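These notes are meant for a colleague opening the entry for the first time.

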Amino acid sequence: MKLVYFRRGVFPIAQKVLLQEAQGWVNETVNTVAIPLTFFLAFGLGLSGYISNVGGVPYMAFLTPGLITMTILLEAYRTGAWGLWLDRWHQKMLDEYRIKPVHTTDIIMGEIIGGFLVALVKGTLVALILMLVSPVSIHWAALPLYFALVFPGCILFTCAGAMVGTSFPKPDNIAQSQTIFITPLLYLGGLFFPISALPDWIKPIVGWLPTTAAFEGGRDVLLHGHIIPQYMAVMWFFALLSFAAATWLFKEKLSE
Amino acid sequence: MQQQEQSATGIAIEARQLKKQFKGRGEPVQALNGVSFSVQRENVFAILGPNGAGKTTLLRILTTVMRPSSGQAWIEGFEIGRQNIQIRQLIGIVAQDNYFDRYLTVWQNLALHAQMHGMEKPVYEPRIRELLEKVELYDRRNDFMENFSGGMQRRVALIRALIHQPRILFLDEPTTGLDPSARREIWETIQELKHRTTVILTTHYMEEADRLSDRIMILNHGEVVMTGTAQELKQRISPPETYELFLSTPTAAAYRQKLASWIRDPDIADQSLLRFRLNHPDLLATLVAQVAPADLKSIGLAQADLETVYLTAAGQGVPFSGLLAESKEAGV
């Protein structure tokens with residue numbers, strides 16, 4: 001195998017994701033900002049009167065890192081799911097990609113990098129808005145550590161989205177998958193409350209959820225500047241697992 | 001080894017005993033059943049056959065999209081299934097349907113293709129510009145594909161297949177659904193390409209195959225029925241010693257009666273054309289002498305057209321010879 005073919009497709013696919021996203025960016029941005037801002041107003045303003053602080057930080061500050069992380073992960077999922085759904089079922093671009101001299105993994109990697117960049121831009125936007133209204137104090141020096149945590153999160157959520165988008169021909173299925181799998185993961189992962197508040201019997205399970213690693217780990221990094229290594233390990237484990245699964249599924253679907 | 005062999009013999013494509021079986025819920029379908037052929041470099045090779053004959057399956061195998069159930073094929077010496085990435089670098093494809101990213105402009109769609117073929121910006125930009133200018137679409141490079149007509153989309157699809165200057169171009173019914181002028185533009189492009197690119201063409205238009213191709217292969221029920229040049233195929237099914245008398249006036253009926261004593265039931269193809277078989281060519285001068293010089297336009301050997309060849313090969317037509325009259329033994 002000539003080295004020249006190696007990873008040739010990654011950049012064009014990532015660029016395509018960004019160009020697609022640039023179309024209708026105003027609507028997309030409004031949609032992206034609306035959800036975390038609504039959560040912040042509903043939970044932050046609504047519950048902060050009852051919950052003064054969590055683990056030594058004000059509830060609104062506790063909530064903010066989770067909402068930024070949620071935005072990034074949901075954007076990664078949305079980009080992967082809708083991007084691949086469009087490419088496979090609507091525009092049939094996958095039929096074009098499979099006659100190009102690129103590897104299947106290039107397409108998945110391009111989607112992941114494109115999804116990560118889109119998610120990062122939107123997450124930054126949400127972070128800037130929330131920091132204006134939230135009493136949060138961010139450990140800026142720990143940002144590289146935060147990216148090292150959310151990048152595998154983006155791999156996981158883009159790959160999960162890609163698997164759904166590649167497998168199901170109806171757009172309704174994408175919304176269903178979000179309701180059935182993603183929403184419970186978000187709520188159980190300590191987005192709105194610390195997982196220490198959960199009943200003892202569920203804690204061992206929740207502790208190994210990738211969303212727990214993302215929300216609890218992200219909160220630790222942004223608010224306190226450090227992370228429990230277990231969270232980083234969990235994120236990378238699920239990222240690699242989902243990448244392998246998405247690549248396998250993608251190859252299967254392309255050979256149909 | 002195969003690469004060296006093919007290179008030496010000037011063969012661009014070689015297929016040996018290709019078989020493809022589709023297993024569904026019902027009976028398995030044998031789409032290809034031992035197809036073997038070879039294509040010389042820089043030739044236009046047309047694949048004809050009725051719907052379901054296996055043309056698209058064959059093209060999908062040759063373009064590495066699908067694996068054969070058995071058999072082998074090589075593209076410029078690279079084996080399908082084993083060296084797909086190398087093969088994809090050498091081929092360009094215009095599929096039956098035009099698939100583009102509707103969220104990208106024409107230019108962005110073409111640039112995406114070029115980048116996936118490993119072309120650098122300084123190389124692909126002038127190339128795309130040149131090709132778009134050639135088909136007068138450069139001014140519309142920033143339009144989205146959904147604003148283009150079917151003919152324009154097909155032209156962009158052809159450009160996309162040519163950006164990386166493929167050695168082999170696969171065209172799957174490239175002119176289906178196009179108006180005559182758009183069709184002619186595509187034909188001109190294929191004719192221009194002919195001397196530097198091997199073109200594999202599937203079509204339902206016999207005129208297209210006749211006009212463009214160097215060799216033709218007719219498939220039916222997943223098997224090769226005939227292969228050869230258009231001329232060879234026509235001759236193969238044309239009956240021997242069959243003549244056509246072209247008259248300058250619509251007097252075929254009158255001459256049919258007049259010649260009745262020499263030939264049995266000559267066929268009137270139209271009012272100015274009599275077609276008949278002579279078992280003894282010496283009789284031709286006698287027959288011609290019966291026709292007034294003013295009425296005689298020309299006389300020639302009859303030949304089946306490609307459509308008749310196709311219908312006969314596909315088992316859908318009346319054999320050409322069945323239409324013909326023969327000279328009477330008694331008249332000789």
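1. Chain A has 10 helices and 2 strands, where helices (H or I, at least four residues) and strands (E, at least two) are DSSP runs numbered from the N terminus. The elements follow one another from the N terminus as α-α-β-β-α-α-α-α-α-α-α-α.

2. This is a predicted model, in which local features need pLDDT of at least 70 and side-chain atom pairs count only at pLDDT 80 or more, while totals for chains, interfaces and linings use all residues. Residues are numbered from 1 along each chain as its sequence is written, and chains are lettered from A and ligands numbered from 1 in the order in which they are written.

3. Along the principal axes, the C-alpha trace of chain A spans about 60 × 40 × 35 Å.

4. Of the 256 residues in chain A, 47% are buried. A residue is buried if 20 or more other C-beta atoms lie within 10 Å of its own, exposed if 12 or fewer, and partly exposed in between, with C-beta atoms placed from the backbone. Contacts require C-beta atoms, placed from the backbone, within 7 Å. Among the contacts in chain A between residues at least 6 apart in sequence, 82% join residues at least 24 apart.

5. Where the chains meet, 18 residues of chain B are in contact with 20 residues of chain A. On the chain B side, helix 3 (84-90) and helix 4 (106-116) are the elements that give two or more residues. Helix 4 of chain B gives the most, with 4 residues. The residues on this side of chain B divide into 8 nonpolar, 7 polar and 3 charged; Ala, Val, Leu, Ile, Met, Phe, Trp, Tyr, Cys and Pro count as nonpolar, Asp, Glu, Lys and Arg as charged, and the others, Gly among them, as polar.

6. Chain B has 12 helices and 16 strands. Its C-alpha atoms fill a box of roughly 75 × 45 × 45 Å along the principal axes. Of the 332 residues of chain B, 39% count as buried. Among contacts in chain B with a separation of 6 or more, 71% are between residues 24 or more positions apart.

7. One open sheet of chain B has 4 strands in the order 2-1-4-5, with antiparallel pairing; two strands pair if DSSP finds at least two bridges between them. Strand 2 (29-40) and strand 5 (78-79) of chain B are at the edges with a single partner strand each, so one side of each lacks a neighbour in the sheet. Strand 4 (residues 70-75) and strand 5 of chain B run antiparallel, joined by 2 bridges.

8. Another open sheet of chain B has 6 strands, in the order 6-7-8-3-9-10 and with mixed pairing. Its edges are strand 6 (91-94) and strand 10 (223-228) of chain B. Strand 3 (residues 44-48) and strand 9 (residues 215-220) of chain B pair in the parallel sense over 4 bridges, and Leu48(B) has Ile218(B) as its bridge partner in strand 9.

9. Helix 9 (residues 230-237) of chain B packs on this sheet, touching strand 9 and strand 10, with its direction at about 110° to that of strand 10. Helix 12 (residues 306-313) of chain B also packs on the sheet, touching strand 3, strand 9 and strand 10; its direction makes about 30° with that of strand 9. For these angles, axes are lines fitted to C-alpha atoms, for helices over the stretch in contact, and angles run from 0 to 180 degrees between N-to-C directions.

Notes. Contact = placed C-beta atoms within 7 Å.
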